[in-house]
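Student: Could we go through some side-chain interactions in this protein together? I would like to begin with charged pairs.

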Amino acid sequence: MDRRSFLTAAGATVSVSFAGCAGLGGSDESSTEGSSTDESTADGTTTGNAGGAEETLVVGTYSAFIDSPSTSPGAWVKQRFEEAFDARLVWQTPSNELNHYIERRNAGVDIEADMYLGLNTDHLVRVDENLDDPLFAEVGDVAGQDDIKPGLQFDPDGRAIPYDTGYISLVFDGTATTAPETFDGLLAEEHAGDLITQNPASSATGRAFLLHTVKQFGPDGYLDYWSDLQDNDVRVLGSWSDAYSAWSGGEAPMVVSYSTDQVFADQNDANMEKHQIRFLNDQGYANPEGMSVFEGADTPALAREFMGFLLRPEIQGEIAVRNVQFPATESADLPEDYAELAQEPPEPVTFGYDELKGSVSGWISDWERQFASN
């Protein structure tokens, strides 16, 4: 959830779209692609022929959720939903993602979508800090929501339902280094220049890592830690795919990514030794992704039907595999080896909505000022 495109896997050349990274403050990628009959429009909307269906559901999301039919969930979800319902699904992927809808609401113009897929806690904080009028409606009754894992619900106002989750961790090339076990270990001289991460102002993955450092060192200490990381030659690149591609190309042995990385590596027959996971301080920052219905949607009932569809066990399992994340529900149908490949941290950590509201923008701004001045 911060979003994922072409990369070169260490030890092998692999073209892939890693879709579980919902970007904040801008899209990592701007391409869109749906099923083989879809056409992409200039505003990032994909359209297709669903055989004369009676209703159309327009779903906004981040581009990497749909931009690779071979690995991302979007095209598969569209096909299965249209087969199960007398409806047509249209994906909409504006280049600035959720900000597109915030800006339209502020301007008093139509949203032109029924729901958004790919929300996290930071998104909801941004919505509430930038809008006086509501952007999302209360979810209400959705089939399957009682099966969502405890602790994943992240909206105190009931506007969002999680559909998957991920944990931010280090991914490291075990043939080149052994990642440290602690945050302080990243500051060791032996790891100078070893770490690549993402810009927290433009990448959900980078933002989650920054928030983890705030969680670890506190609002009064995280900037000192980042100053030490800079002294140890940390590299900060713009997006998840920028960072992962640089790491895959051997530019550094460690990258901030997801603890499901071995799911991707196994799918592409990569060398597992080059795809090792490290949870610093035995912790992983949890980043659940959710879905919400826009206030004033044309088809709110169909949007809620779609939410329930995404929570079905067989759909949850397929989304987890294709989006390379963990499912949101207890009953997801997963491959037998998924639990071995997708690693969960001994201690998940995260910030809740109330902790981030009124704080996260300042933490990011302070980081940007310090990082630019050093």
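Student: Which residue forms a salt bridge with Glu318?

Tutor: Glu318 forms a salt bridge with Arg322, and their closest N and O atoms are 2.7 Å apart. A salt bridge here is a side-chain nitrogen of Lys or Arg within 4 Å of a carboxyl oxygen of Asp or Glu. Please note that this is a predicted model, in which local features need pLDDT of at least 70 and side-chain atom pairs count only at pLDDT 80 or more, while totals for chains, interfaces and linings use all residues. Residues are numbered from 1 along each chain as its sequence is written, and side-chain values use heavy atoms, with hydrogens and water left out.

Student: Where are Glu318 and Arg322?

Tutor: Both belong to helix H9 (residues 313-323), and because they are four residues apart, about one helical turn separates them. Helices (H or I, at least four residues) and strands (E, at least two) are DSSP runs, numbered from the N terminus.

Student: Is Arg322 buried or exposed?

Tutor: Arg322 counts as buried, at 18% relative accessibility, whereas Glu318 is partly exposed at 25%. Buried means under 20% relative accessible area, exposed over 50%, and partly exposed in between (1.4 Å probe, protein chains only).

Student: How many salt bridges does the count come to?

Tutor: The count is nine salt bridges. One of them joins the side chains of Glu355 and Lys215, at 3.8 Å from N to O. Glu355 lies in helix H11 (residues 353-356) and Lys215 in helix H4 (residues 204-217), so this pair ties together parts that are 140 residues apart in sequence.

Student: Over the face of which residue does Lys215 lie?

Tutor: Lys215 lies over the face of Phe351, at 4.5 Å from the ring centre. The rule requires NZ of Lys or CZ of Arg to be within 6 Å of the ring centre and within 35 degrees of the ring normal.

Student: Now to aromatics: how many aromatic pairs are there?

Tutor: The structure holds 25 aromatic pairs. Rings of Phe, Tyr and Trp (its six-membered ring) pair if their centres lie within 6.5 Å; planes under 30 degrees apart count as stacked, over 60 as edge-to-face and the rest as tilted. The ring centres of Phe65 and Tyr163 are 6.2 Å apart and their planes are at 85 degrees, so this pair is edge-to-face.

Student: Are Phe65 and Tyr163 buried or exposed?

Tutor: Phe65 and Tyr163 are both buried. They also belong to one aromatic cluster, whose members include Phe81, Trp91 and Phe309.
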